[in-house]
Protein chains: 2
Amino acid sequence: MAVGLSDQLPPIHPVADCWLGSTAAGIKKNGNPDLVIMQLGENARTAAVFTRNAFCAAPVTVAKAHLAVTQPRALVINSGNANAGTGEQGLADARTTCRWVAEELGLEPEQVLPFSTGVIGENLPMGRLQQGIPAACAALNIEGWQQACRGIMTTDTVPKVVSERIILPSGAEIVITGMTKGSGMIHPNMATMLAYVATDARVSQPVLQQVLQQTTERSFNRITVDGDTSTNDACTLSATGVADMAEIDALDSADGEVFLRAMDDVMRRLAQMIVRDGEGATKFVTVQVDEGATADDSLKVAFTIAHSPLVKTALFASDPNWGRILAAVGRAGVENLNIDAVRIWLDDVCIVRDGGRAPDYTEEAGQRVMNQDEITIRVALGMGSAQETVWTTDLSYDYVKINAEYRT
Amino acid sequence: MAVGLSDQLPPIHPVADCWLGSTAAGIKKNGNPDLVIMQLGENARTAAVFTRNAFCAAPVTVAKAHLAVTQPRALVINSGNANAGTGEQGLADARTTCRWVAEELGLEPEQVLPFSTGVIGENLPMGRLQQGIPAACAALNIEGWQQACRGIMTTDTVPKVVSERIILPSGAEIVITGMTKGSGMIHPNMATMLAYVATDARVSQPVLQQVLQQTTERSFNRITVDGDTSTNDACTLSATGVADMAEIDALDSADGEVFLRAMDDVMRRLAQMIVRDGEGATKFVTVQVDEGATADDSLKVAFTIAHSPLVKTALFASDPNWGRILAAVGRAGVENLNIDAVRIWLDDVCIVRDGGRAPDYTEEAGQRVMNQDEITIRVALGMGSAQETVWTTDLSYDYVKINAEYRT
């Protein structure tokens with residue numbers, strides 16, 4: 001059960017010059033949509049970030065190579081099969097997929113970026129892709145987000161879309177619409193996570209890449225479900241440039257600042273949706289670490305807490321077992337940690353102070369917070385002013401069930 | 001269900017000048033033995049290693065301080081309460097416990113080392129300890145290992161003892177007997193892990209400490225259940241020195257080499273018992289990484305695999321989901337990893353070669369290995385000659401159940 005999410009999609013603002021088409025090509029065994037194509041207008045610019053896993057999947061390798069030579073005009077995304085760990089055959093299959101899409105849309109193969117998500121290590125069912133691609137292309141439509149966000153799902157229980165219409169300081173009105181998928185193997189440096197964001201804003205390529213990298217760092221690289229990172233993660237940001245406005249060519253311009261803030265908001269909400277739909281999640285947990293000597297220290301502590309199976313099972317049990325949080329802080333590897341200066345709160349309830357349980361802490365107060373669906377664990381290290389926040393879930397029976405049965 | 005372990009204890013060789021006494025002091029709610037005292041003869045020497053968690057528990061702080069001033073003559077161990085996160089009160093309680101034992105045995109308080117394991121963050125029930133200590137002392141006996149190994153258990157399902165009698169090159173016959181506890185919060189740099197090993201060998205203090213550190217590094221620091229490290233871990237090695245032999249005062253002496261090998265064997269078997277009894281474990285998994293450029297690289301890969309919730313749930317499901325192993329290798333952070341050079345085996349079945357699934361791999365062959373209770377995952381990095389091995393378990397429903405319900 002996703003925490004605080006609904007199966008109802010929000011109102012989605014289409015993005016001019018960005019068309020989406022979906023079909024059920026038969027890659028997923030359950031007959032759900034599994035092939036999505038996004039076509040972009042000829043002035044579109046696209047920025048992208050990818051997994052840092054050394055075993056990156058074939059489509060990631062091909063997408064990077066294509067991005068290096070030209071601006072993309074189409075993305076092709078399949079779910080149900082990751083085309084990862086598939087060696088030379090996988091690379092050939094990814095290139096063939098691009099060629100088929102290019103032929104259908106009158107493009108060069110290098111203008112198409114391939115993406116895959118699903119089971120690792122099986123070859124793409126190329127016959128089904130060949131049949132599906134014309135069907136997906138025939139469905140291309142600027143209203144296509146509704147189907148597309150379902151077509152990229154794997155173990156996700158709900159589709160994930162964020163859509164905003166904003167007015168820039170220059171007076172131009174722009175749209176930002178994004179969709180994402182992912183619910184397990186979620187960790188910084190991307191996860192089995194795909195996200196596609198489009199805007200009609202006019203943005204220079206360097207600024208677009210900067211915006212994507214900065215906002216990814218503060219969103220998708222701050223979430224974790226199980227600490228695993230995937231071979232296939234990718235996030236793209238496409239700006240079709242058809243809005244009536246001057247190009248944003250610097251981040252510190254008035255329009256640039258507002259665009260960056262809006263993108264921060266969209267990306268953070270998309271990333272949090274993945275955590276809220278985390279495999280087996282029953283809690284949405286914010287881990288905020290204040291007063292670090294360095295950002296790195298604060299981040300280490302936040303992720304050590306967020307990854308601890310003992311903290312996560314206690315969260316699942318709604319057990320205010322603050323000792324497990326304290327133990328996680330202690331083993332995070334912060335140098336010169338003064339344990340007497342560390343304080344820990346569950347929401348507004350102080351649970352640790354002066355090297356031990358806070359004198360005024362009561363189990364009832366801790367239990368009250370733990371019973372909630374959404375909980376903030378806040379740690380103050382007493383060493384400096386660096387703050388970092390990550391988002392995570394609990395570890396439930398269903399996490400084990402989903403991952404033990406995924407292939408069967 | 002512990003993997004490959006039985007509730008039957010092996011034959012235990014008592015260690016001369018090492019007496020153990022146990023009692024049920026009422027610290028555990030279930031009425032099982034929970035207080036153990038080990039008394040050592042006046043010529044005994046003791047080496048110790050402790051948790052590296054910055055939040056070390058009160059008894060760890062006190063034990064370190066006592067070790068700094070004199071040789072221990074007694075250890076006092078309680079289960080059911082960790083006396084961790086208890087601030088000044090916890091330190092005072094640990095010191096008081098030592099004083100009570102010292103009074104009972106005619107020792108100085110500094111000659112007593114305290115150890116605690118159990119729930120974090122609650123004060124020790126001092127009334128129960130005060131009543132229990134005379135009872136435990138009254139039970140002191142060189143045959144006391146049988147009860148003691150049960151008295152230190154928490155979530156363990158079976159007691160854990162290894163006992164060996166060996167003949168040194170000099171002709172002396174010595175005994176090494178050890179007991180350990182721990183089944184969750186298990187990770188290198190110690191875990192919620194206590195281990196007490198005694199021998200009647202005559203060993204100099206520096207050699208004793210060297211032997212303990214080297215053998216701990218190759219045993220307890222190579223096991224992991226859930227990646228959490230505890231505030232209370234400790235391992236002691238006491239040599240009573242009553243065997244008829246010349247003192248071992250160098251590791252490279254003939255007796256020293258044999259003693260070190262015997263200790264390696266005892267420590268590795270004790271450590272593996274903890275993994276075999278890992279919380280909810282249904283598999284005993286050896287992760288061996290060969291051909292690393294450095295030992296650090298090999299160890300990073302081994303622990304990344306051993307900690308991956310996705311690998312661990314696949315093991316629980318007996319699912320040869322080799323893609324998850326490959327993904328873990330890829331994200332371990334090895335620099336300059338050439339993915340085409342990496343090979344991965346499940347026991348003798350090669351699953352990954354040339355950057356993808358081995359051409360001759362079949363699901364049937366993978367499934368055959370996965371159905372076993374004991375599995376070796378072997379990775380060859382193709383970069384050098386450094387080899388490291390760690391031992392771990394799968395991640396099962398019962399792991400979640402045990403840790404979600406531990407305090408309730």
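Modeller: Over all chains, the structure holds two aromatic pairs, where rings of Phe, Tyr and Trp (its six-membered ring) pair if their centres lie within 6.5 Å, with planes under 30 degrees apart counted as stacked, over 60 as edge-to-face and the rest as tilted. This is a predicted model, in which local features need pLDDT of at least 70 and side-chain atom pairs count only at pLDDT 80 or more, while totals for chains, interfaces and linings use all residues. Residues are numbered from 1 along each chain as its sequence is written, chains are lettered from A and ligands numbered from 1 in the order in which they are written, and side-chain values use heavy atoms, with hydrogens and water left out.

Biologist: Why is the pair of A:Phe115 and A:Tyr196 edge-to-face?

Modeller: A pair of aromatic rings is described by the distance of the centres and the angle of the planes. For A:Phe115 and A:Tyr196 the centres are 5.2 Å apart and the planes stand at 80°, so the pair is edge-to-face. A:Phe115 belongs to strand S5 (residues 112-119) of chain A and A:Tyr196 to strand S8 (residues 194-199) of chain A, 81 residues apart, so this pair links distant parts of the chain (helices, H or I of at least four residues, and strands, E of at least two, are DSSP runs numbered from the N terminus).

Biologist: What rotation superposes chain B on chain A?

Modeller: Two copies of a chain are related by a rotation about an axis and a shift along it. Here the rotation is 180° with 0.0 Å of shift along its axis (RMSD 0.0 Å), by least squares on the C-alpha atoms of residues with pLDDT of at least 70 in both copies. That is the relation of a two-fold axis.

Biologist: How much area do chain B and chain A bury between them?

Modeller: The two chains bury about 4,400 Å², 61% of it on carbon and sulfur atoms; buried area is the accessible area (1.4 Å probe) that two parts lose on being put together, summed over both. Across this interface of chain B and chain A, the rule finds zero salt bridges.

How values were computed:
A salt bridge is a side-chain nitrogen of Lys or Arg within 4 Å of a carboxyl oxygen of Asp or Glu.
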